[in-house]
Amino acid sequence: MALIELQNVNFPFHGGGGLSDVSLKIERAGFVAVLGGNGAGKSTLAKILNALISPTSGRILVDGREEKDAYAIRRKVGLVLQDPDSQMVADTVEDDVAFGPENLGLEPEDIESRVRESLQICGIKELAGRSPSRLSGGQKQLVAIAGAIAMHPDCLVLDEATSMLDPEGRRMVLSAIGRLNGNGMSVVMMTHDPEEAALAKSVVVLDHGRVVLEGLPCDVFGAENGLDEFGVDIPMVYKLRKALKNSGVFLDKDIDTMDKIVKELERRRNGC
Amino acid sequence: MLRDVTLGRYYPTSSFLHGLDPRTKLAGAVLYAVSVFIASSPISFAVSFAALCLLMLLSRVPLRYMLRGLAPVWAVMCMVCLLNIFIHSGSAWRVLLIAGRMVELVFISNLVTLTTKPKSLSDGMEKALRWLGLFKVPVHDLATALSIALRFIPILADEARHVMDAQKARGADLGKGSILNRARALAPVLVPMFVSAFRRADTLSIAMESRLYGSGKVGHLRPLAYGREDAAAYICILTYFAVMILLKGAGL
């Protein structure tokens, strides 16, 4: 049974960014990348998954049951936004991470243990007493992730959480997401970066509020026609695979990283 | 100009004042403000000023740091003094007293924010004003709004600087010419500031709601509790206040 399931969800929005007839399943411990250009509806989808807005029609199932209580959904789904500065509530890292658990009405000891645990998982234990203004962009996003997981959600939704970061910050955030997913957290990652999307277990391509492609990264990115018509690029690896294919070198489907391609080509050369 | 805003900023050191419960500091500041208006003679003013100096020493915040943030306040103070001289044609002592009172009020409130983290300040206000909840005043929301406002002062100040730099890079002439011209030149800075402040507020509200703000439950990471220092501080505050009243009663 899927953790969260959207059935024929509609959310009309003038001037782009709405959703029409979106159906989507998020499995437990799944890792879904939602890829799309500007105005494709990624942020709207993120807000719907978090019950911040409710669809005009369609159903949202949580653990197979239709859930109407927004707070119950928000408790299960954590949200991390794009702008690192604007999503910090408090003036120290600790207090910011504590914001969620405080709103759950927990006892001080429970709040503290959740804060410590979340900071530990995100690898930023040493930042506990620091002011957010003295952190790098990547560190701020890790704090935002810690703040979300302190609520003990089953699913984490990231709305372009890396798009304002430098390469180092992006690496830090992506590796934290990978670790969380490895520990059984479901992850939904909205992005316009195909390289990031390729890290997920499955990819959904959104265009003008519709799901236009869905599947494993190798199937979505390996599609014959490419994704140009939906306003998104494909990862470097898949471009290379396509170029090799055009010049008569056919590779197996599971060769989906640069390293693997290099190894395979070396193997073939030595084999000849 | 904006870079130097220290109003509402927290200055982290470990002093006696920093360690006090925020409620103690708020109560102290309120009583002090009342005493400032009670004091009208040179002697009682000197006592209240001495108390202020003592507190500033106790806070271990460098004097220069406090003074730097008050630049915009000086202008207001000069205005008030001038108005007093010309309109009320007050005596020299009267004008001096009014200026002195303003200095004291500004410094005491500044001391509270310099020695108290915005978060504990809002926690303190929330707990001290909880009885207002009986009259359906949303105390928790107001306290949260206060701490967020304090947190975003430096962020918006930084942003104002970016906007001004961007305008300057395109040839805008900020901070030159007559006061009227300078005020006029601020409009293209203020408009984008407003837009971005609203955008930030929107994002922040999403971030807060997704973390269950408004669910009706409230917990605290560090619940406030009075310590022994607070008892000592309350005794000092009340003694000071009693002295001020006695001085007033004695006609001094």
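**View 1. Glu264(A) in helix H10 of chain A.** In this predicted model, Glu264(A) lies in helix H10 (residues 258-271) of chain A, where helices (H or I, at least four residues) are DSSP runs numbered from the N terminus. Glu264(A) counts as buried because its relative accessibility is 12%, and buried means under 20% relative accessible area with a 1.4 Å probe, protein chains only. The side chain of Glu264(A) makes a polar contact of 2.9 Å with that of Arg268(A); a polar contact is a pair of N or O atoms within 3.5 Å, of which, within protein, one must be able to donate a hydrogen and the other to accept it, and residues adjacent in sequence count only if both atoms are side-chain atoms. When neighbours within four places in sequence are left aside, Glu264(A) is in contact (heavy atoms within 4.5 Å) with Leu251(A) and Ile255(A).

**View 2. The interface of chain B and chain A.** The contact involves 27 residues of chain B and 35 residues of chain A. Together the two chains bury about 2900 Å², with 57% of it on carbon and sulfur atoms; buried area is the accessible area (1.4 Å probe) that two parts lose on being put together, summed over both. On the side of chain B, Arg211(B), Leu212(B) and Leu221(B) lose the most area to chain A, together 28% of what that side buries.

View 3. Helix H7 (118-128), helix H8 (139-169) and helix H9 (179-210) of chain B each supply at least two residues of the side that touches chain A, and H9(B) gives the most, with eight residues.

**View 4. The two domains of chain B.** The assignment, which is automatic or from a database, gives domain 1 (1-116 + 223-252) and domain 2 (117-218) of chain B. Their centres, taken over C-alpha atoms, are 25 Å apart, and the contact takes 15 residues from domain 1 and 16 residues from domain 2. Between these domains there are zero salt bridges.

**Notes.** Residues are numbered from 1 along each chain as its sequence is written, and chains are lettered from A and ligands numbered from 1 in the order in which they are written. Local features need pLDDT of at least 70, side-chain atom pairs count only at pLDDT 80 or more, and totals for chains, interfaces and linings use all residues, while side-chain values use heavy atoms, with hydrogens and water left out.

Conventions
Salt bridge = Lys/Arg side-chain N within 4 Å of Asp/Glu carboxyl O. Buried < 20%, exposed > 50% of the residue type's maximum accessible area, 1.4 Å probe, protein only.
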